[in-house]
Amino acid sequence: MRKQTIQYTSPLDALVAVAKRLSIYENKQKMDSEEFFYQYNQGILSDDALFIEWANDYRHYLALRQELEQRFNYAA
């Protein structure tokens with residue numbers, strides 16, 4: 001499977017896109033991303049390709065959120 005690179009014009013656009021992907025995972029797996037990530041990091045869940053992608057998207061989501069929070073706190 002080939003990965004495609006998408007460039008966003010802002011971290012907010014990227015955050016929205018990642019949040020949409022997380023929502024799809026959550027609906028399919030009937031689990032929220034925070035709980036999934038906890039279980040994945042504890043080794044409760046396998047290293048299935050889907051779970052690896054979900055974990056990477058969740059890490060990206062957390063990083064983007066932190067970046068935006070820092071920008072807004074800095075501006076305040």
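Colleague: How many aromatic pairs does the count come to?
Modeller: The model is predicted. Ring centres must lie within 6.5 Å to pair. By this rule the number of aromatic pairs is 6.

Colleague: Take the rings of tyrosine 25 and tryptophan 54. Which kind of pair do they make?
Modeller: The ring centres of tyrosine 25 and tryptophan 54 are 5.5 Å apart. Their planes meet at 20 degrees. Planes under 30 degrees apart count as stacked. So the pair of tyrosine 25 and tryptophan 54 is stacked.

Colleague: Is tryptophan 54 buried or exposed?
Modeller: The cut-off for buried is under 20% relative accessible area. Tyrosine 25 is at 10%, so tyrosine 25 is buried. Tryptophan 54 has 0% relative accessibility, so tryptophan 54 counts as buried.

Colleague: What is the angle between the planes of phenylalanine 37 and tyrosine 58?
Modeller: Phenylalanine 37 and tyrosine 58 form an aromatic pair, 5.0 Å centre to centre. The pair is tilted. The angle between the planes is 50 degrees.

Colleague: How many residues apart in sequence are the parts that phenylalanine 37 and tyrosine 58 tie together?
Modeller: Phenylalanine 37 lies in helix α2, residues 33-41. Tyrosine 58 lies in helix α3. So the pair ties together parts whose separation in sequence is 21 residues.

Colleague: What is the relative accessibility of tyrosine 58?
Modeller: Phenylalanine 37 counts as buried, at 14% relative accessibility. Tyrosine 58 counts as buried too. For tyrosine 58 the value is 10%.

Colleague: Which residues form one aromatic cluster?
Modeller: Tyrosine 25 and tryptophan 54 are among them.

Colleague: Which residues does glutamine 39 touch, not counting residues up to four places away in sequence?
Modeller: Glutamine 39 has its place in helix α2. At 16% relative accessibility, glutamine 39 counts as buried. With residues up to four places away in sequence left out, glutamine 39 touches Met31, Ile44 and Leu45.

Colleague: How far apart are the end C-alpha atoms of α1?
Modeller: Helix α1 has 19 residues. At 1.5 Å a residue, α1 should span 27 Å. The model agrees: the end C-alpha atoms of α1 are separated by 27 Å.

Colleague: What arc do the buried residues of α1 cover around the axis?
Modeller: The buried residues are Pro11, Ala14, Leu15, Ala17, Val18, Leu22 and Tyr25. They lie on the same side of α1, because their arc around the axis is only 165 degrees.

Colleague: Which residues are exposed on the other side of α1?
Modeller: Exposed means over 50% relative accessible area. On the other side of α1, the exposed residues are Lys20 and Asn27.

Colleague: How far apart in space are alanine 17 and tyrosine 61, C-alpha to C-alpha?
Modeller: Alanine 17 is in helix α1, residues 11-29. At 16% relative accessibility, alanine 17 counts as buried. Alanine 17 and tyrosine 61 are 44 residues apart in sequence. In space, C-alpha to C-alpha, the distance is 9.3 Å.

Notes: Residues are numbered from 1 along each chain as its sequence is written. This is a predicted model: local features need pLDDT of at least 70, side-chain atom pairs count only at pLDDT 80 or more; totals for chains, interfaces and linings use all residues. Side-chain values use heavy atoms; hydrogens and water are left out. Helices (H or I, at least four residues) and strands (E, at least two) are DSSP runs, numbered from the N terminus. Buried means under 20% relative accessible area, exposed over 50%, partly exposed in between (1.4 Å probe, protein chains only). Rings of Phe, Tyr and Trp (its six-membered ring) pair if their centres lie within 6.5 Å; planes under 30 degrees apart count as stacked, over 60 as edge-to-face and the rest as tilted. Contact means heavy atoms within 4.5 Å. The expected span of a helix is 1.5 Å times one less than its number of residues. The arc is that of the directions from the helix axis to the C-beta atoms.
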